[in-house]
Amino acid sequence: MPSGGTSVAEDDVSEAGSISARGRGGRQPGNSRLGGRTVAAMQEPVNRLSGLDLSFGDTPMQFERINLLGSELSEHAISSLVLSVPNLVELDLRGNRLTAQFGWQLVKAMKKKYLNLRNCNGVPLQELRLNNVETLNLASFKNHHGMYGIEVVGAIFLAHFLRLNSSLKYLNFKRNDVEKDGAKALAQSLLGNPQCGLVTVNTMGPMKKGSKPGIDFQQFKTSNLKVVNLGNRLLDDDDFVFLEEWLRRYDCVEDLDVSANLFSRDGIRKLARYIKDTRTLRKLNCAGLPVDLDGSQLLVQAVVQNETLEQVALPLGPCDGNVERHQMFQQLGLGLQNHPAMTALAAGRPGALEWANLGVVREGKIKEYPPPRSNGWPSAQMATYMWLVAAQKPPVEKFQFGTPGRPDFDYPSSVGTPFELWPIVPTLIHDLSRTLTSITVNVGKHPGRDVEGTSRVMELMRVLTRCTVLRILNLLGYGSAVLKDKELPQEWASIGSVPKWLMDDRARKIRVHWQALHGLLSTNTLGGLESFNEVQMSGSLRDQPELTCLLLMQCLEGVAVQLSMKPQPGGESGLMEARLQATADVDTFCDVLRLLGRQTLVVTIMFTDKKVEVVKAQQAKLAGPLSGVTAGEGVPPFPHSVVLKNNQVSEQLLKSLDCRAPLKEFCYENISMTLPALFAALCGKDKPLPVEKIRVETKWDTRTMAKKRFSNQQRKMLEGIQARLIASEHFQVFQSSAKEDVDRDEIAEKSPQDFAALLGGHAVEKPESNGKHHARIPWRCYPSYRNFITPKDEDAPEEPMFVPLPLDEESASELRLQLLSLCMCNLRSRLAKSARPDEWPVPSKPIWQGSQRLVCPGEWDEYEPRGPGADDDNDEEDEERHVRFQWRPGSQLRIGTRRACTMVEQALDLAEPSFAATLFQDGLKSLLSESSTLTSLDLRGNGLTREDANVLLSLIEQNLCRS
């Protein structure tokens, strides 16, 4: 050890030596080039090595620099080493996990020697002491070490030098791990410096674009800073700890926005302290902070204790099943009631806040819940609002919770209902029970509610008995609510006038639902109730079986009904319209309808599921009740007529129905699938099914060009169905979307073919006459040789030009060709290889010519033999009618095969040229016709024969003679 230094304890030296060896052998925590640069540009570099580095300075035999970067020495060893060097000018203690307490103790132990430091943990202390620094950016790539910041010890040393500095205007200590104590020390040192000229800190200054002004810290001193907008500035805990010291020292800010930042622990505690102590803050927006439940509770307690806030946006977190979080909402709601100035609350995402008007609640001016335009509120905000309403007890008359719906039109869905708010609903209704006249609550089943513990729906129904002025009550989705028998009040155990055969056997699943509903509606306090789930409540439950039936329907899951007791044309007493979902119990639905045995109804049923298999399976369950199958001893029969409104009908239902089953109407989509079941229902029994109306709704297009083909067996079925419908006493009309309604008399006048087309559901349009097209082959041409060699850019290609051969008059007038070069196209050989006569009607005439050419597909006599002369070739008749260019039945030919071409060639005379030769010559003739506009034609290299040349010469001579 040199004589200029003091000795170090033996244990500390051994520890330092072992760490130094590990540092050199295992890792290199510092970079000699980057780590040796100080913040000030004029500072000379320091040579850093891993482990312990005691380098010699300018004074011989005396240590002036200590570099312990990443050495992981103990605090005692580091303190001993630092205090043992009397002339210390540079110190680096980063990467040793030192605490703030160690930093304060070290500064205190060094006494005034720390003032001699030129650099500490990368901070240019000497330049700060000499007031040579206006900008101190410790977070830049040039001044930051990369692995370690200045840390809390460096911040404490920096704070001591900032007490006397008057030149610094900008300070940035982000990414330097100064921790809470370091940030607090920096803030307090600047606040205690009367000559402090600091303007900007970290990212709190004005943005470059000028959209956000940021903070000028000099305005704090004059108390002119009223608005602080630091939203979405990436402020961390260290940033806000620093800012909070200024906010508390100069309590002048009235509007503070620190939303969407990154501080969550120390920063939240400092923010809560500031909210609690401030006497000037009016508006606060701290939404979007990443806080946990403890942080939210701190902010809520601070807001409740504050007395000046008028508008606040808080990060309340999600509204889930956490009991402590709901207690926090309750605490905030009760605190807002007693708050002297609060008028607005929000708890959503920053930039999309929807403010809740608390003033109207505190003044008792609201008449309905939820408030207008509150669909976008977060659940946490709505929960707080609900607790405030419950505590304030304004005269609310209308209450609605959950997804709305029409229980008489369609079974309500619980999708969209905020079930996380369910724990507050009974309490809120209880506190508003004196003024509520209309209550609508969606109580549908949800996986997260009523699985364990007390049934909240039963709790809600008990609370409803306190609503003495209630007129309208809707418990949407009541049939799927979870109700438990053990929680049913003893006074609600009665089943009323409902027979035991229904409650004890057939409808045992809904027994608790009925008991709870019957007990609720029979309560004396609800004597003024006018409607329940759109069911008009009048009279006694015992005196009106229709009312009992409707209320029982409310206990069925997936069932929505409407009842009208107006007499029907068929003599029935009324009409019931029912819509059944896939979860509906069809058997229980029919059993409930048995209660109205004395009054026959027309029951229209619409099964609303989108899956056809599910609909048909539900329809099949109607076979038993409609066929008069008994449901047990003493159970009345099913007396009502049924109308199926779906576009499908269950084939199993039609086959299983008795001939006396009162099925008045049904519909089908596909006659091929439904025909056997329809035949069984109308012709397979002693009497036809007493159906009055049959509808057909095809799934796709209702118009077609061809009639539907029926086999001989299907035709016999259709003839039998037609005969039974004509003879039926009940059948009235057949309805199709493609045609007008057809009654029984019109069906009797229809031929079997027209009747089959009627049941098919398609309107057959008469096909237009079609021409016989001659063979014609298009050839790709180019305007010039250059276009052929170098085509244009693919981004803007030209439309290709095709010249058909033979050239018809329409194409010739459109193209107006003057120069045509077919040189080296080898037309004859190409046509011989690729042209096929079976591609066009005229050359393939031997294949399709025959008696079937004028018979449209689907004709009733399509396959019957034709009379003499039917095979004659009559072109005039073919032009006036639609011709079927279909090959002869039984030929088993395939287009493009050699066999099809051979059949065409066999029909030609041996003296006639082949199809390819004829096509080639016709093409040449068309190019030199009378209307030709060509002035130049090149046909070299196309395999022209002597005969072709003679044809060309004759055409040229004819053209010369005409000219």
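Modeller: One rule first: when the N-to-C directions of two axes differ by over 145 degrees, they count as roughly antiparallel. And keep in mind that this is a predicted model.

Biologist: Got it. How are α19 and α20 set to each other?

Modeller: Helix α19 covers residues 545-554, helix α20 covers residues 586-593, and they pack with their axes 10 Å apart. Their angle is about 165°. That is over 145 degrees, so we call α19 and α20 roughly antiparallel.

Biologist: Which residues in α20 do Cys 549, Leu 552 and Met 553 meet?

Modeller: As α19 passes α20, the crossing is right-handed. On the α19 side you'll find Cys 549, Leu 552 and Met 553. Across from them, in α20, they meet Phe 589, Val 592 and Leu 593.

Biologist: Is the crossing of α24 and α25 left-handed or right-handed?

Modeller: The residues making this contact include Leu 675, Phe 679 and Leu 682 of α24, with Met 717, Leu 718 and Ile 721 among those of α25. As for its hand, the crossing is left-handed.

Biologist: And α12 with α14: at roughly what angle do the axes cross?

Modeller: Helix α12 is residues 323-338 and helix α14 is residues 379-392. Phe 329, Leu 332 and Leu 336 are among the α12 residues that meet α14, where Trp 387 and Leu 388 are among the partners. The crossing is right-handed, and the pair is therefore oblique. The axes come within 8 Å and cross at roughly 50°.

Biologist: On to the rings. How many aromatic pairs does a search of the whole structure find?

Modeller: Rings count as a pair if their centres lie within 6.5 Å. Searching the whole structure with that rule gives a total of 14.

Biologist: Take the rings of Tyr 114 and Phe 161. Is the pair stacked or edge-to-face?

Modeller: The centres of the two rings are 5.9 Å apart, and the planes stand at 80°. Planes over 60 degrees apart have a name of their own, so this pair is edge-to-face.

Biologist: How many residues apart are Tyr 114 and Phe 161?

Modeller: Tyr 114 is in the loop between α4 (100-110) and β4 (119-120), while Phe 161 is in helix α6 (residues 151-162). That makes it a link between distant parts of the chain, 47 residues apart.

Biologist: What is the relative accessible area of Phe 161?

Modeller: Buried means under 20%. Tyr 114 is buried at 14%. Phe 161 is buried too, with a relative accessible area of 3%.

Biologist: What about Tyr 369 and Phe 399: stacked or edge-to-face?

Modeller: Here the ring centres are 5.1 Å apart and the planes are at 15°. Planes need to be under 30 degrees apart for one of those labels, so the pair is stacked.

Biologist: In which strand is Phe 399?

Modeller: Both Tyr 369 and Phe 399 are buried. They are 30 residues apart, with Tyr 369 in strand β14 (residues 368-369) and Phe 399 in strand β15.

Biologist: Which residue lies over the face of Phe 409?

Modeller: For a charge over a ring, we look for the end of a Lys or Arg. At 5.2 Å from the ring centre of Phe 409 there's one, and it is Arg 579.

Biologist: Last one: how far apart in space are Thr 417 and Val 443, C-alpha to C-alpha?

Modeller: Thr 417 is in the loop between β15 and α15 (425-431), and at 7% relative accessibility it counts as buried. Thr 417 and Val 443 are 26 residues apart in sequence, but their C-alpha separation is 8.9 Å.

How values were computed:
Residues are numbered from 1 along each chain as its sequence is written. This is a predicted model: local features need pLDDT of at least 70, side-chain atom pairs count only at pLDDT 80 or more; totals for chains, interfaces and linings use all residues. Side-chain values use heavy atoms; hydrogens and water are left out. Rings of Phe, Tyr and Trp (its six-membered ring) pair if their centres lie within 6.5 Å; planes under 30 degrees apart count as stacked, over 60 as edge-to-face and the rest as tilted. Helices (H or I, at least four residues) and strands (E, at least two) are DSSP runs, numbered from the N terminus. Buried means under 20% relative accessible area, exposed over 50%, partly exposed in between (1.4 Å probe, protein chains only). A charge sits over a ring if NZ of Lys or CZ of Arg is within 6 Å of the ring centre and within 35 degrees of the ring normal. Axes are lines fitted to C-alpha atoms, for helices over the stretch in contact, and angles run from 0 to 180 degrees between N-to-C directions. Angles under 35 degrees count as roughly parallel, over 145 as roughly antiparallel, 65 to 115 as roughly perpendicular and the rest as oblique. A crossing is left-handed if the near helix is turned anticlockwise from the far one by less than a right angle, and right-handed if clockwise. Contact means heavy atoms within 4.5 Å.
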